[in-house]
Every structure is written in C-alpha cells, then in structure tokens.
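This note sets out, point by point, what can be read from the coordinates of the model under review. Each chain is taken in turn, followed by the contact between the two.

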Amino acid sequence: MIDEGLRSELQKQGVYTTTLEELYNWGRANSVWPLTFGLACCAIEMMAASMARFDLARFGAEVFRPSPRQADLMIVAGTVTKKMAPLVVRLFNQMPEPKYVIAMGACAISGGPFKQGYNVLKGIDRYIPVDVAIPGCPPRPEALIHAIMTLQEKILNQKLTGPDRPRHLNADVPGEFPVPAYGEHDLEPSSNPGVWQPPAIKR
Amino acid sequence: MPGARIEVLPNDCPAGERSLLVDTDHVFAAATFLRDDLQLRLDYCSNVSGVDWPDAEITTKTKVKKIVDGVEKEVEEVKKTVRPGFLEVVYHLYSMELKHGPVVLRQRTANRAEEVPAVSLTPLWRGCEFQEREVYDLYGIRLGGHPDLRRILMWDEFKGFPMRRDYVSPDDFEYEPTPHDEVLELAKKHYPPEAKA
C-alpha cells in the first residue's frame, strides 16, 4: 500500500495512483443497479426516491433493472408474505454476484405490525443475507438514500483477498440460498440457519 | 319460486339497512330474478363477504305465572338454547342501469363443517369470481357452480381456513422485547418468568 501523504503529494503534481481493489470497489459502489421489485407501500417510497425530487441518480443507483440477471441490489421494499418469500429467495438466487440486499421498512426487517399474523414472514433475513436494514414504516426516501450510501461505504471497504473477502470471491461460501417450500401452515424450513439464528434472550 | 325460504333480516344499526336471506337451494333463482327483473336490474355485484357465526347460546327470559305457596306470582323463567353455528356469504348488489342499490343478499350454510356447500353466483356476476375464491380460501365454503374454485390468497398446500373464528394459527412465537396484550400472554407461555432467587 502506498503511503497516504505521498499519495496526496503525488496528486498535487498530477500523478494519480490507485490499487486494483480501490478501482474495482469504486466502480462497483457507484453503479449499484437495483432490481425493479416492490412488495407493498415501501415500494412507493422507493419510487419516490428514484424520481426527480430525491433523485437516486446522484448515487448511481437509478437504473432499476427489470431482470434479476442485470441487477446488483435487491431492495426488499414491503411486507414479505409467506406465499411470496420463496419467490423472493429465488429472485435473489437468480441475481449474479456480487449482489446485495437492503431490507426496507419494518415489515421486511421483522414482519413489522404483521409479525404475529399467520401469513407474514418475520423478516426476510431468515432466508437471505441482509446488508443494510432501514427501519421505518415506511422509511422516507432520504432513509433509502442513506441506506444506499451505507451500502456504498460497505462496498468500498470490501477486501478482494484475505479471510474476510466477500461471498463472490470465496469459493467455499455457498452463493445460492435454499428456497423454502410451502408447508401446511408455515414455510419449510421456517428459516435458513446458515443465514439467521434466533436472537438470544437477555433478561 | 315455490318452496323458497326468503326472509328479510332487520338491522339495528342507524342506517337500518335490511338484507335478504335466501336458502341455498333457491338463492340462484332468487339472484337471477334480482338481476333480470326489469324493475330491479341489479346488474352489478360490488362485494362478496364471508361471515362466520359460531355456536351461540341464546338466553331468553319469559314471565310465567306460577302458583308459589298458594299465591299466584309472576316468575321469570330463563331458557337457554344453543343456536348452531353456520357460515354466511353476503353479496352487495347494485344496479348500474337504474342507479339504485345496494341490495344485500345473504345465503347461509347448514353448519360450520369444512368444505360445507353453498351456491356460487359467479355465473350471474362475473365480478364475483375472485371474491368467492377468497371466501372459499378464508372460510372454507365450497361454492358449487364456481368455474375455478381454488385458494387465492393462501398457498395451495395450506391447511385450514384462517378467517374462521376457531382458527388456531401455528404457534411460531418469537422473543419480543416489548410484548403486550395477546403477545404478552404468548410470551409468558413461551418464556416463563424465572423463579426469583
């Protein structure tokens, strides 16, 4: 790694240095293309965020792709019902790596006001790894923009090598997540233990 | 319609909107009449609902004259009868042509068994199709004559009818930091308070 002081000194002289990792992450962080995909009222806020007033285009994330094959980011915007959950997991599996998930709103995080219902999944983090969670019901477009900025920060800090390298550069980590099946009352299995563990109770 | 049992049900609410109760054998004929009669022309079915009426105990007090200790007295007698439960399908009908409505049409099933039969009115009003599927999905009323009676909101493998009053949802309670009301009861059941040392 080049010394920061030397680097800024070189920049003043018109010599720019970088690393492959930085260049790679910089490119990825500024072109996060989300999947066109909304489940409930949070999707309305997501649409508002992509329109002129809030202008998600400032962050390079305005290109909502209609196909999971072209998308980098899945914004789970809204209540995930148990009927919808396998389809969400399947869509996520169809996205090429590197891919990220933003869980938008109380419902996508935990089931929200519908948590005790018989038909609502208690959070999409049971089946797919969530990178950024936005609380709110629904979150403001500014909150979604903040989530995308948080995700950009996360992408910029990812290492290409080493033990904590991301999933898509680590062949040992599974890239595909099992799709749950419909059961008689609930999804089977009711969570993916490789992704989610029930919270420990503090008394 | 010979043999049809038609009843006008009163409604105690301020609007006092009464409804028409027809037995399941004749509801199709009655609905056809309501749609095709030139005075009524109820050509639009705006809403289909299901209602679950569980078994109810009805207490009626009647004053009876009785001889008590040689003196005639009025004594209140309390009678308790059990009204067997049933399921109900309610249709709200309007006329687009004559601009009147709604007429509330009800049909009742014989009991609350699973897949209890009733009559579909989708052949008369196509707009009923999805709403009757919803009634079937959530209440388990098998509406005979429906072109495509499947579950619509729940998945096909689902067992039970969740909008029935006696439906018990699967016990999948999870820890909540601030439980209250019904959730608190569940929380107490799942995480019994530790014995104080």
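1. The model is a predicted one. In chain A, strand β2 (residues 100-104) runs parallel to β3(A), and three bridges join the two. One of the pairs may be named: I102(A) has V132(A) as its bridge partner in β3(A).

2. These strands belong to an open sheet of three strands in chain A, ordered β1-β2-β3, with parallel pairing. Its edges are formed by β1 (73-77) and β3 (132-134) of chain A, each of which pairs on one side only. From one strand to the next the twist averages 15 degrees.

3. The other pairing in this sheet is between β1(A) and β2(A), which run parallel and are joined by five bridges. V76(A) has its bridge partner at A103(A) in β2(A). To pass from β1(A) to β2(A), the chain goes through helix α4 (residues 85-94) of chain A, and this β-α-β crossover is right-handed.

4. How many of the five residues of β1(A) are buried? Five of the five are, and the strand is accordingly described as mostly covered. In a regular strand the side chains alternate between the two faces of the sheet. In β1(A), L73(A), I75(A) and A77(A) point one way, whereas M74(A) and V76(A) point the other way; all are buried.

5. Helix α3 (residues 42-50) of chain A lies across β1 and β2 of chain A, at about 130 degrees to β1(A). Helix α6 (residues 141-156) of chain A lies across β2 and β3 of chain A, at about 165 degrees to β3(A).

6. After α1(A) comes G14(A), with a positive phi near 90 degrees.

7. E97(A) deserves a separate remark. This residue is located in the loop between α4 and β2 of chain A. Is E97(A) buried or exposed? E97(A) is exposed, because 11 other C-beta atoms lie within 10 Å, and a residue counts as exposed at 12 or fewer. Leaving aside residues up to four places away in sequence, E97(A) touches R167(A), H168(A) and G175(A).

8. For chain A as a whole, the secondary structure comprises six helices and five strands, in the sequence order α-α-α-β-α-β-α-β-α-β-β. Of its 203 residues, 33% count as buried. Among contacts between residues at least 6 apart in sequence, 76% join residues at least 24 apart. Along the principal axes, the C-alpha atoms of chain A fill a box of roughly 70 × 45 × 40 Å.

9. Chain B contains three helices and nine strands, which run β-β-α-β-β-β-β-β-β-α-β-α from the N terminus. Five of the strands form an open sheet in the order β1-β2-β7-β6-β3 (chain B), with mixed pairing. Its edge strands are β1 (6-9) and β3 (44-53) of chain B, each pairing on one side only. The twist averages 25 degrees from one strand to the next.

10. Within that sheet, nine bridges join β3(B) to strand β6 (residues 86-95) of chain B, and the two run antiparallel. V51(B), for example, has E88(B) as its bridge partner in β6(B). Helix α1 (residues 27-36) of chain B packs on the sheet, where it touches β1, β2 (19-22), β6 and β7 (100-108) of chain B, and its direction makes about 175 degrees with that of β7(B). Helix α2 (residues 128-139) of chain B lies across β3 and β6 of chain B, at about 10 degrees to β3(B).

11. The overall dimensions of chain B should be noted. Its radius of gyration is 23 Å, whereas a compact globule of 197 residues would have one near 16 Å. The C-alpha trace spans about 80 × 70 × 30 Å along the principal axes of chain B, and 20% of the 197 residues count as buried.

12. As to the contact between the chains, 14 residues of chain B are in contact with 15 residues of chain A. On the chain B side, the residues touching chain A divide into eight nonpolar, one polar and five charged.

Note on methods: Residues are numbered from 1 along each chain as its sequence is written. Chains are lettered from A and ligands numbered from 1 in the order in which they are written. Two strands pair if DSSP finds at least two bridges between them. Helices (H or I, at least four residues) and strands (E, at least two) are DSSP runs, numbered from the N terminus. Axes are lines fitted to C-alpha atoms, for helices over the stretch in contact, and angles run from 0 to 180 degrees between N-to-C directions. Two residues are in contact if their C-beta atoms, placed from the backbone, lie within 7 Å. The radius of gyration is taken over C-alpha atoms; the globule rule is 2.2 Å times the number of residues to the power 0.38. Ala, Val, Leu, Ile, Met, Phe, Trp, Tyr, Cys and Pro count as nonpolar, Asp, Glu, Lys and Arg as charged, and the others, Gly among them, as polar. A crossover is right-handed if, with the strands pointing away from the viewer, the path from the first strand over the helix to the second runs clockwise.
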